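Here is a brief report on strand pairing and on a pocket.

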Amino acid sequence: MLNQTIVVGRLVSDPAVRELEDGKKVSNITLAVPRSYKNGDGEYETDFIDCELWNAVANNTAEYCKKGDVIGVSGTNKIDGTSTNNSK
């Protein structure tokens with residue numbers, strides 16, 4: 001099995017780093033990724049992908065990147081879900 005993702009898109013906002021109680025640093029960013037095909041109305045749609053960056057990657061992204069920059073992110077998928085009485 002493989003859980004690997006590569007996303008290339010534009011930063012929706014300037015990245016910001018926050019430090020956690022244990023000293024680790026984290027940055028939550030969103031990338032706008034346009035689809036390579038048109039929808040039924042003849043328009044390109046855009047997906048907005050949330051990413052979580054840690055420690056040195058978070059620091060470097062915040063220092064060198066700004067809103068609108070094209071960046072690539074490589075990592076693993078983590079699905080945060082909620083459960084209800086009928087399903088998980």
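## Strand pairing

Two strands count as paired if DSSP finds at least two bridges between them. The model is predicted. Strand β1 (residues 5-11) meets strand β3 (residues 25-38) through two bridges, in the antiparallel sense. Within this pair, Arg 10 faces Ala 32 of β3.

Strand β2 (residues 18-19) also runs antiparallel to β3, again with two bridges. Here Glu 19 has Lys 25 as its bridge partner. Ten bridges link β3 to strand β4 (residues 44-54), and this pairing is antiparallel too. Opposite Ile 29 stands Cys 51 of β4.

## Hairpins

β2 and β3 make a hairpin with five residues between the strands. Gly 23 in this hairpin has a positive phi near 90 degrees.

β3 and β4 make a hairpin as well, with five residues between them. In its turn, Gly 42 takes a positive phi of about 80 degrees.

## The largest pocket

How much space lies in the largest pocket? About 650 Å³. Its lining has 21 residues. Nearest the centre lie Asp 50, Cys 51, Glu 52, Thr 76 and Lys 78. The elements that each give two or more residues to the lining are β1, β3, β4 and β5 (70-75).

Which strand gives the most to this lining? β4 does, with seven residues. By class, the lining holds ten nonpolar, seven polar and four charged residues.

How values were computed. Residues numbered from 1 in each chain as written. Predicted model: local features only at pLDDT ≥ 70, side-chain atom pairs only at ≥ 80, totals over all residues. Heavy atoms only, no water. Helix = DSSP H or I, 4+ residues; strand = E, 2+ residues; numbered from the N terminus. 1 Å grid on protein atoms, 1.4 Å probe; cavity = no way out; pocket = protein on both sides within 12 Å on 5 of 7 lines; lining within 4 Å. Points joined across faces, edges and corners; volume = space filled by probe spheres on them. Nonpolar A, V, L, I, M, F, W, Y, C, P; charged D, E, K, R; others polar.
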